Amino acid sequence: MSNPQLALVMLGAFIFIILLGFPIAFTLMAMGVMFGFYAYFVPDQAFFDNRVFYLLSQNTFSIMNNDVLTAVPLFLFMGYMIERSNILDRLFYSLQVALRAIPGSMAVAALITCALFATATGIVGAVVTLMGLLAFPAMLKAGYDQKLSSGVICAGGTLGILIPPSIMLIVYGATSAVSVVKLYAAAIVPGFLLAGLYVVYVITRVAINPKLAPKLPKEETDVPWLKVVVLLLQAFFPLAVLIMSVLGAILFGLATPSEAAAIGALGAMVLAIAYRAFTWGRLKEAVFLTARTSAMVCWLFVGSWTFSSIFSYLGGEGLIKDFVLSMNLNTLTFLLLSQLIIFLLGWPLEWSEIIIIFVPIFLPLLSHFNVDPMFFGVLVALNLQTSFLTPPMAMSAYYLKGIAPQFVLLWTIFKGCFPFLGMVFVTMFLVYVFPQLVYWLPNVFYGN
Amino acid sequence: MLQNFLLMIDRFSMAVGHAFAWCILILTLGTSYEVFMRYVLNNPTSWAFDMSYILYGGLFIMSGAYALSRNAHVRGDVLFRLLRPRVQAGIELVLYFIFFYPGVTALIIAGYGYAHDSFGYREVSVNSPVGVPIWQLKALIPLAGLMLFIQGIAQVIRCVLCIRDGYWPRQLHDVEELESVLQHEHEKHSAAAGAP
């Protein structure tokens, strides 16, 4: 068997093993070592002199001293701390009374709360679950449509992996060697555009059909304006300021992403202290969960770098390149095809696996089609919103179903998510047609 | 007896994972201190950059076994979760020998040689003139592999027990993600409410 054929066997076997459900990081590492041993085999050489062993240690160490990935545990820690700072109910209540004049005010408030909280924590599951317990029953009680209420919470919570400072973009930066700072600048406008479209969609639906979201009884929202301002100052502004200062420090080049993340984590602890939510037990929880989730993400990198360096050594990368080039695609059809594949991968897999393992397959092809890796990254980040919202593995819908009242059916939640999926595709289309949405902010900050 | 042995391994991985988890607090405070020194006092430290990746690297590599004991490593389990526990355990048992041990064993042996060379000349970082040692970070690679190897033994024995008994044996629990805590509470709550 020739080497490129062997690479194809390697990829096929890997996809098969993934479907069997074995932890992916170790599968990648073992397959890298086994195929690499064969590829680097030299007769009469001592067993452990095979080059693959040095490669494995070298790859592991290059993940350990990777200064981009250093930001991952810091942002995770910031997220776990904010999650435990008792800010969410205040935030939701303050926005709800502040927005009372808008049609569907509670849904809009839930959407903005989700988006803001998810941006600060970056942990989708926690946002959807917490809001599912807090805002979802409140909306149903007020007579809001079940589908609309579910869609708002699932879609809003999922925004956290997109809007900077998000961990997903750091991971993409580490995979593609695009600067995280530029990725952040590039993703801000599309992120806000998507969030804005969500809000516009909710308001329009409710304006057309007010039955979807009945107005709340006056006595529930009748809070004097001064009180509203105080409520906002207590809950909305501290979190917004924390996010903006982390993001601002990165964009203005005052701090590297990991330094800004450390400041953010410190700020999150201060916030928890200010809300009297800082306990030894909660700190321990946040610290231990950070270690576990960091291990999950970074070990995946260890496995994937070993796997992919052997894969390209065997010529697998070249084979895929030749195959794709022989399809005579142009830039548009290439983008459509690659995004379709990523969309489909999002059904069974999570964003971390897709970005760390599968996106690198597309990256070497980008230059042939004149696609900027930064632009591609923003499209991927938008696209991966769908991986949380499309059945059969719509994680956001499952989190909501897990804590929703019995009478809310899973299918109802899915149906509630569909219009928001539509908005994701509209945003991707707009980004493709108007690339300025991506390039404007990076150009403002860093020139061409 | 066997159960205690398995929990002992869990506890060992957890203890090491928890100990290294505290790196995140030092990392947060240390990096914040560096930013403060640079912008407020205009006097950047010479060690902050090396400190940051040493703490980050140690944190994640030594939490690998802890994550394994809590089943926190990602897996594509769309089909897997639909299978009966016995079938799950059978598949896992085979895959542990084909796709876990070769990689992890290679990591221990290769990592040992790698760290040994680095220790041989007391390798220091080239990032600053202070010469922060980094051989100890490399030495963590074979240790992390060894921890995974040991935790893997516990997981393999659990597979065998599950094939024998038809259900997964108990694992040690500590902290859980907020969503799973809340989802679990909700389940218990609605089960209690549903009972006559």
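1. Val124(A) lies in helix 7 (residues 124–141) of chain A. In this predicted model, Val124(A) has a relative accessible area of 5% and is therefore classed as buried, the cut-off for that class being under 20%.

2. Beyond its neighbours within four places in sequence, Val124(A) is in contact with Gly157(A), Thr158(A), Ile161(A), Phe388(A) and Ser396(A). A further distance may be noted for Val124(A): its C-alpha atom is 9.8 Å from that of Ala155(A), a residue 31 positions away along the chain.

3. Turning to the interface, 82 residues of chain A and 70 residues of chain B take part in the contact. About 6,500 Å² is buried between chain A and chain B, with carbon and sulfur atoms giving 76% of that area. Of the area that chain A buries against chain B, 13% comes from Phe22(A), Met64(A) and Arg292(A), more than from any other three residues.

4. Which residues form the salt bridge between the chains? Glu259(A) pairs with Arg38(B), and their closest N and O atoms are 2.7 Å apart. The count of salt bridges between chain A and chain B is one, while 13 residue pairs are in polar contact between chain A and chain B, counting pairs with both residues at pLDDT 80 or more.

5. On the side of chain A that touches chain B, helix 14 (residues 280–313) of chain A contributes the most, with 18 residues. By residue class, that side of chain A comprises 55 nonpolar, 18 polar and nine charged residues.

Key. Residues numbered from 1 in each chain as written. Chains lettered and ligands numbered in written order. Predicted model: local features only at pLDDT ≥ 70, side-chain atom pairs only at ≥ 80, totals over all residues. Heavy atoms only, no water. Contact = heavy atoms within 4.5 Å. Buried area = accessible area lost by both parts, 1.4 Å probe. Salt bridge = Lys/Arg side-chain N within 4 Å of Asp/Glu carboxyl O. Polar contact = N/O pair within 3.5 Å; in protein donor to acceptor, adjacent residues only side chain to side chain. Helix = DSSP H or I, 4+ residues; strand = E, 2+ residues; numbered from the N terminus. Nonpolar A, V, L, I, M, F, W, Y, C, P; charged D, E, K, R; others polar. Buried < 20%, exposed > 50% of the residue type's maximum accessible area, 1.4 Å probe, protein only.
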